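Me: I have a structure to read and would like to go through it feature by feature. Where do we begin?

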Amino acid sequence: MSENLKCSHCNKPATVHLTQIVNNKIIKVDLCESCAQAKGVTDSEGYSLADLLSKTNLTLEKGEARIACPDCGLTTADFRRTGRLGCAACYRSFVTLLQPVLEDMHAGTAHKGKIPKVALSRQTSMAKLNDLENALHRAIAEEAYEDAAKFRDEIQACKKAAEYEAIQS
Amino acid sequence: MIESIINSDKAELTQNTKKGAPVVLSTRVRLARNLVDAPFPERANMAQRSDLMARCANQIADLSQMKNGAFFDVAELSDLERQVLLERHLISRELCDSQSGSGVFINKDQTCSVMINEEDHLRIQFLKTGFSLRSVWKQIDRFDSSLENELDLAFSSEFGYLTACPTNLGTGLRASVMLHLPGLVISNNMDKVIRAVNQLGITVRGLFGEGSDATGHVFQISNQQTLGESEEEILSRLASVFKTIIDHEINARFKYLEENCACLLDQIGRAFGVLKNAYVLNSNEAMNLLSLMRLAVDLEMLPEVNRSDIDRLFIECQPGHIQYVAGEGIEADARDLCRAKTLREEFVQLPALDFDKVNKLG
Ligand SMILES: [Zn+2]
Ligand SMILES: [Zn+2]
């Protein structure tokens with residue numbers, strides 16, 4: 001097969017075919033098995049086209065703001081070089097950089113799929129519980145015992161609700 | 001360490017081939033997931049990686065779907081053991097090459113594997129023989145939901161599930177089918193198909209081969225985009241593309257049979273002879289011969305019951321498997337002898353090819 005499709009690196013017949021739109025240009029890469037392996041794209045589950053293209057297409061543009069993620073320290077240059085992010089917070093840190101990349105890469109830029117409802121509500125109730133416990137400590141420190149009692153009740157209610165939810169799920 | 005995996009008599013890919021399923025070998029769906037409070041694996045230090053692996057391993061071990069499953073710390077596996085798992089599609093190349101602090105859970109029937117500290121914290125995969133996008137999606141969705149009950153996943157309402165590489169962002173979903181497409185290859189139509197589906201954001205790649213050609217005529221076809229569409233939309237778009245390709249393959253086979261019946265039957269007959277008698281067989285040649293044998297089952301020249309033997313041999317004749325069975329340290333030349341011997345022993349047990357069925361068709 002693929003007699004007219006040659007590896008773009010060594011001219012052997014290509015078996016790995018990748019297509020992506022980068023900066024509004026369709027980029028096609030045809031690779032033979034060995035070159036694909038060398039570039040780390042042999043495993044279709046693991047490959048990332050960004051990796052393959054990063055060296056040529058994602059180098060730091062002139063005058064571009066140098067951002068570093070406050071959580072993990074990843075810099076703009078790191079991201080441009082590897083095409084990968086360092087942590088969940090990176091998506092906030094590099095949002096302006098990411099938008100155009102995502103537009104070119106995907107069918108849209110907004111998530112339309114599954115939502116982890118249980119995990120999200122647990123995170124919200126954990127945050128709420130945290131706030132309440134802080135408020136309780138403050139109330140006790142300030143000897144505002146009426147407020148403290150109120151916060152204590154709310155904490156109990158919050159914990160019960162979380163337990164109930166855990167049973168339901 | 002991996003004897004239980006390789007000797008299992010319940011493994012999905014090698015023991016549970018779908019009856020009467022031409023073209024589609026298997027269906028796989030994977031989800032990329034990360035925890036909210038740790039850097040992605042590539043950016044994490046050793047302590048963070050180990051901590052994350054321990055946390056995830058605890059939760060995954062408790063899931064009912066992992067009952068009687070096995071966990072492997074990649075650092076404790078030999079190169080050969082990793083290769084065997086790779087050839088069985090249970091781990092990825094990236095996990096094979098990973099630094100320490102990575103691992104994989106594999107369930108009893110090898111339909112589910114969860115890689116820890118691959119490119120993402122978690123890579124969940126479900127696979128099944130035959131064409132079953134819907135049921136595989138249902139299974140993995142349920143698994144993912146039970147995991148979410150225990151672990152805080154990195155998620156944003158804007159971008160969905162957050163992944164190390166933006167190419168997996170959103171649903172984190174990659175669905176693929178493994179298709180056996182000898183008709184399209186032999187009739188020189190594969191290029192056209194690849195170009196057409198590439199336009200749709202779908203990737204095609206040859207599956208087997210250390211060599212250059214699409215050995216064994218087996219292709220893996222999967223979605224490229226993960227954001228901007230729901231799982232349902234991605235799956236139904238893929239399903240319609242898969243169905244179109246399958247139709248084209250069946251048509252190509254009929255057309256080829258009409259025009260070149262004698263030539264095709266001769267190829268199949270000779271392949272059968274070689275498999276029964278060859279003394280040296282490299283991996284590429286073996287895959288190509290096995291491909292013709294799968295076609296022979298589709299054409300009813302071999303009994304349907306032997307389809308599963310052929311699909312099993314597709315995996316067991318890969319270099320890692322041959323080497324593992326023969327014992328470590330065997331040279332490539334000796335491997336080709338072992339492979340030929342294995343195939344001789346299997347094929348000598350099959351009945352003679354039934355050419356009459358096809359002649360009636362043609
Ligand atoms: Zn090449
Ligand atoms: Zn970060």
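**Domains, then rings**

Reply: Across the interface of domain 1 and domain 2 of chain B, the rule finds one salt bridge. Keep in mind that this is a predicted model.

Me: Which residues form the salt bridge?

Reply: B:Arg253 pairs with B:Asp298, and their closest N and O atoms are 2.7 Å apart.

Me: How many residues of each domain are in contact?

Reply: In chain B, 28 residues of domain 1 touch 22 residues of domain 2. The area buried between these domains is about 2,300 Å², with 61% of it from carbon and sulfur atoms.

Me: What describes a pair of aromatic rings?

Reply: Two values do: the distance of the centres and the angle of the planes. Here the count comes to seven aromatic pairs over all chains. In one of them, the ring centres of B:Phe272 and B:Phe347 are 6.2 Å apart and the planes stand at 80°, so this pair is edge-to-face.

Me: Which parts of chain B does the pair tie together?

Reply: B:Phe272 belongs to helix α9 (residues 231-277) and B:Phe347 to helix α13 (residues 332-347), so the pair links parts 75 residues apart in sequence.

Me: Are B:Phe272 and B:Phe347 buried or exposed?

Reply: Both B:Phe272 and B:Phe347 are buried.

Me: Which ring has the charged end of B:Arg33 over it?

Reply: That of B:Tyr161, with the charged end 3.4 Å from the ring centre. In chain A, A:Lys150 lies over the face of A:Phe151, at 5.3 Å from the ring centre.

Technical notes:
Residues are numbered from 1 along each chain as its sequence is written. Chains are lettered from A and ligands numbered from 1 in the order in which they are written. This is a predicted model: local features need pLDDT of at least 70, side-chain atom pairs count only at pLDDT 80 or more; totals for chains, interfaces and linings use all residues. Side-chain values use heavy atoms; hydrogens and water are left out. Rings of Phe, Tyr and Trp (its six-membered ring) pair if their centres lie within 6.5 Å; planes under 30 degrees apart count as stacked, over 60 as edge-to-face and the rest as tilted. Helices (H or I, at least four residues) and strands (E, at least two) are DSSP runs, numbered from the N terminus. Buried means under 20% relative accessible area, exposed over 50%, partly exposed in between (1.4 Å probe, protein chains only). A charge sits over a ring if NZ of Lys or CZ of Arg is within 6 Å of the ring centre and within 35 degrees of the ring normal. Contact means heavy atoms within 4.5 Å. Buried area is the accessible area (1.4 Å probe) that two parts lose on being put together, summed over both. A salt bridge is a side-chain nitrogen of Lys or Arg within 4 Å of a carboxyl oxygen of Asp or Glu.
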